[in-house]
2 protein chains.
Amino acid sequence: MKKTLLTALILATGVSVMAQQALRERPDVQSPVINAQNDVTFKIFAPEAKNITVIGDFGASPLAMQRDSIGVWSATISSMEPELYIYRYDIDGVKTADPANVYTKRDISTTYSMLFVPGEKTDDYAVHDVPHGTVSRVWYDSPTLGMQRRMSVYTPAGYEDKKNADKSYPVLYLLHGMGGDEEAWLTLGRTAQILDNLIASGQAKPMIVVMPNGNAALPSAPGESSAGFTVPTTNLPHTMDGTFENAFTDIVNYIDKTYRTDARKQGRAVAGLSMGGFHSLNISALYPDMFDYVGLFSAAINPRSNADSPIFKNRDNMLASQFSNAPKLYWIGIGNEDFLYNDNVAYRKQLDSKNYPYTYVESTGGHTWKNWRTYLKQFAPLLFK
Amino acid sequence: MKKTLLTALILATGVSVMAQQALRERPDVQSPVINAQNDVTFKIFAPEAKNITVIGDFGASPLAMQRDSIGVWSATISSMEPELYIYRYDIDGVKTADPANVYTKRDISTTYSMLFVPGEKTDDYAVHDVPHGTVSRVWYDSPTLGMQRRMSVYTPAGYEDKKNADKSYPVLYLLHGMGGDEEAWLTLGRTAQILDNLIASGQAKPMIVVMPNGNAALPSAPGESSAGFTVPTTNLPHTMDGTFENAFTDIVNYIDKTYRTDARKQGRAVAGLSMGGFHSLNISALYPDMFDYVGLFSAAINPRSNADSPIFKNRDNMLASQFSNAPKLYWIGIGNEDFLYNDNVAYRKQLDSKNYPYTYVESTGGHTWKNWRTYLKQFAPLLFK
């Protein structure tokens with residue numbers, strides 16, 4: 001290969017000049033590095049810094065890094081439990097993702113670095129060499145909200161095969177929390193990996209998973225609509241005021257019209273985390289013949305005090321109607337340190353007082369993706385049996 | 001809404017505690033901010049820093065930032081040309097994405113912040129309220145390479161409508177450069193936005209766009225395969241040695257089997273940037289009856305000196321065969337500052353010497369996404385007419 005070509009190809013994008021310069025100027029720092037026994041070392045080259053800490057969801061307090069003689073800072077955590085973690089550095093007050101780690105995820109309005117520690121516990125959400133489903137970003141028309149809206153759809157391996165052209169599939173509607181969007185269950189939730197693995201091992205039935213955007217005021221995740229590169233916010237109109245629930249049939253209609261679905265109650269599940277659990281509670285009660293499987297993951301239970309939707313005022317009657325022909329599974333999962341724990345205790349008492357059947361799983365921990373991934377792993381195998 | 005619920009919902013994810021703490025400790029810095037006349041201000045709160053610059057593809061030299069009394073640094077660029085830019089900060093030697101900007105993209109092994117300056121020039125790759133196509137990540141079986149591989153597929157708005165169930169669509173195969181992957185044309189290339197807009201305005205025909213992974217040694221983009229969260233590299237085996245070209249029929253076969261395609265020469269195009277242009281040159285010559293439209297965007301022309309594939313040894317004969325029944329369009333685009341400019345001059349001379357017809361577009365600038373987005377905007381409207 002000619003030398004000019006080699007140069008040009010190494011510089012295969014417009015800005016790689018900068019990357020090349022960076023490599024020449026600094027030591028080749030890799031971070032994070034997973035060593036034997038799952039000891040994990042974080043590193044950053046910051047010769048001028050005075051103080052650097054690692055802040056992550058693996059520990060309550062910041063972890064101090066130590067500087068070496070040339071300015072590479074490092075810190076090691078011993079024997080990390082297998083998990084998908086997120087972290088940032090605090091460099092003299094600048095909180096930023098790890099520059100050496102290309103795996104980042106936006107969570108609401110903050111960019112975090114990701115650390116995946118493999119092991120038995122995380123095996124179900126690692127990528128394996130099994131048949132993979134297709135993940136699509138799809139726009140649908142919502143006549144109720146008067147806009148095109150974006151959703152993510154997982155179709156299981158084999159769905160697109162022409163040999164399955166006559167086969168229909170059950171559908172799990174999977175809803176995110178406040179501040180989230182149609183990307184949340186795919187990124188930090190690892191939904192595609194979890195479903196690929198559960199389906200490949202025969203633990204879950206092949207199913208379509210629909211992940212809509214639960215913010216009724218927005219068409220899509222930040223950056224994906226005509227609003228452009230806006231700053232994400234949690235202060236959105238029409239949050240938890242019943243609007244999303246009222247417009248939910250637009251989603252189900254679109255899915256049943258577009259995909260090969262089992263469009264019966266026994267072929268539909270709805271589940272969600274936090275605000276998405278609140279939505280799942282309300283939606284399954286508002287449309288009592290629509291869902292035979294309901295999952296409340298760390299669910300918000302109580303409406304806002306100023307929310308005046310009939311959905312909330314008539315909840316008791318709606319639940320009575322729903323449980324008069326009870327869903328096959330009404331699954332409640334929450335961590336014993338969750339902010340919403342007491343509200344869930346009260347809700348279960350309410351269900352108990354009426355003898356409404358449900359399945360309850362109490363985990364340790366709080367309001368975390370770690371729990372929500374685990375709940376999905378537990379919930380999905382129970383569906384459509 | 002109960003107070004505990006409000007608290008819990010604001011903390012709708014496991015780590016938002018950190019985000020909330022951050023907000024209390026520091027001024028609310030927004031960055032970047034696009035002001036009147038497209039003056040763009042970059043900001044960062046870094047009270048302890050001694051020197052900060054902005055490094056971006058909008059300028060050759062780093063831009064110095066100025067500190068205010070509380071430690072917020074800022075720099076403004078006046079009258080920025082509408083474009084999609086990428087940038088980073090250099091904070092006392094730490095090169096990192098802008099912590100206040102949630103829009104980041106990985107380019108090979110570096111994470112950049114994105115800045116979209118809207119205007120007439122970028123209007124074609126902004127998101128507009130037009131019908132949107134679907135973007136899918138799909139796994140296909142490659143018998144030639146002996147692995148499952150991942151690709152991105154754009155299907156135009158309406159493709160999934162049952163009313164179009166009998167309609168077939170032409171296909172553009174769109175190939176990335178060295179160091180890129182099946183995400184590259186979607187992220188920095190803005191392919192979905194460009195096609196949505198060109199199709200909605202009637203400038204381009206509705207078409208499927210297939211964006212495979214051109215690294216024959218890898219199944220997928222980093223982080224998406226069973227290899228886990230590896231460090232991306234450009235030093236891959238089977239790069240530009242003919243392997244990808246030889247396995248390309250696996251891709252076409254899968255697409256024609258799975259999608260409603262116009263599976264004729266007149267219904268297929270292949271184009272690519274840099275290494276992807278090299279692939280497009282070879283693939284269209286290797287399969288002379290497959291593609292009626294060929295696009296070489298800043299293409300690499302010459303094989304490696306040690307590459308001994310018959311594809312390269314027989315190139316003259318293959319081109320003779322291809323041009324004996326010439327494609328309807330053989331489109332070459334390159335910037336007059338591109339590293340590969342001279343190789344493209346020599347290649348055009350070779351085509352001229354044989355009277356092989358082609359269309360040539362010379363732009364300003366070099367080997368940049370700015371040019372590749374423009375070439376796609378120019379090329380797509382010429383297809384399938």
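Which side chain meets that of D181(A) in a salt bridge? In this predicted model, the partner is R106(A), with N and O 2.8 Å apart. D181(A) sits in the loop between strand 13 (171-175) and helix 3 (184-187) of chain A, while R106(A) belongs to strand 9 (residues 104-107) of chain A, so the pair ties together parts that are 75 residues apart in sequence. The relative accessibility of D181(A) is 6%, and because the cut-off for a buried residue is under 20%, D181(A) counts as buried. This salt bridge is one of 28 that the structure holds over all chains.

Like R150(B), E183(B) is buried. Turning to chain A, a network of salt bridges links R137(A), R150(A), E182(A), E183(A) and E224(A).

The interface between the two chains comes next. Chain B and chain A each bring 102 residues to the contact. About 7,800 Å² is buried between chain B and chain A, and carbon and sulfur atoms give 59% of that area. The count of salt bridges between the chains is 2. In one salt bridge, the side chain of E48(B) meets that of K50(A), at 2.9 Å from N to O. Polar contact across the interface of chain B and chain A amounts to 16 residue pairs, with both residues at pLDDT 80 or more. On the side of chain B that touches chain A, the largest share, 6 residues, comes from strand 11 (residues 134-142) of chain B. By class, this side of chain B has 48 nonpolar, 33 polar and 21 charged residues.

How do strand 11 of chain A and strand 11 of chain B pair, in the parallel or the antiparallel sense? Strand 11 (residues 134-142) of chain A pairs with strand 11 of chain B in the antiparallel sense, over 3 bridges. Within this pairing, R137(A) has V135(B), in strand 11 of chain B, as its bridge partner. R137(A) is also a member of the salt-bridge network of chain A described above.

Within chain A, 4 strands form an open sheet in the order 1-2-6-5, with antiparallel pairing. Its edge strands are strand 1 (33-34) and strand 5 (66-67) of chain A, each of which pairs on one side only. Strand 5 of chain A runs antiparallel to strand 6 (residues 72-77) of chain A, and 2 bridges join them. Opposite R67(A) stands W73(A), in strand 6 of chain A.

Where does Y173(B) lie, and what does it touch? Y173(B) is part of strand 13 of chain B, and at 0% relative accessibility Y173(B) counts as buried. Leaving aside residues up to four places away in sequence, Y173(B) touches V210(B), F248(B), I251(B), V252(B), I255(B), R268(B), A269(B), V270(B), A271(B) and F291(B). The C-alpha atoms of Y173(B) and S280(B) are separated by 8.9 Å, although these residues are 107 residues apart along the chain.

Some backbone details round out the picture. A cis peptide bond joins S31(A) and P32(A), with omega at about -10°; P32(A) is placed in the loop between helix 2 (16-25) and strand 1 of chain A. In chain B, a cis peptide bond joins S31(B) and P32(B), with omega at about -10°, and P32(B) is located in the loop between helix 2 (16-25) and strand 1 (33-34) of chain B. Although not a glycine, D92(A) has a positive phi of about 50°. D92(A) occupies the loop between strand 7 (83-91) and strand 8 (94-96) of chain A and, at 17% relative accessibility, counts as buried. S274(A), also not a glycine, has a positive phi of about 55°. S274(A) is found in the loop between strand 15 (268-273) and helix 7 (275-286) of chain A, and with 0% relative accessibility S274(A) counts as buried.

Conventions. Residues are numbered from 1 along each chain as its sequence is written. Chains are lettered from A and ligands numbered from 1 in the order in which they are written. This is a predicted model: local features need pLDDT of at least 70, side-chain atom pairs count only at pLDDT 80 or more; totals for chains, interfaces and linings use all residues. Side-chain values use heavy atoms; hydrogens and water are left out. Contact means heavy atoms within 4.5 Å. Buried area is the accessible area (1.4 Å probe) that two parts lose on being put together, summed over both. A salt bridge is a side-chain nitrogen of Lys or Arg within 4 Å of a carboxyl oxygen of Asp or Glu. A polar contact is a pair of N or O atoms within 3.5 Å; within protein, one must be able to donate a hydrogen and the other to accept it, and residues adjacent in sequence count only if both atoms are side-chain atoms. Ala, Val, Leu, Ile, Met, Phe, Trp, Tyr, Cys and Pro count as nonpolar, Asp, Glu, Lys and Arg as charged, and the others, Gly among them, as polar. Two strands pair if DSSP finds at least two bridges between them. Buried means under 20% relative accessible area, exposed over 50%, partly exposed in between (1.4 Å probe, protein chains only).
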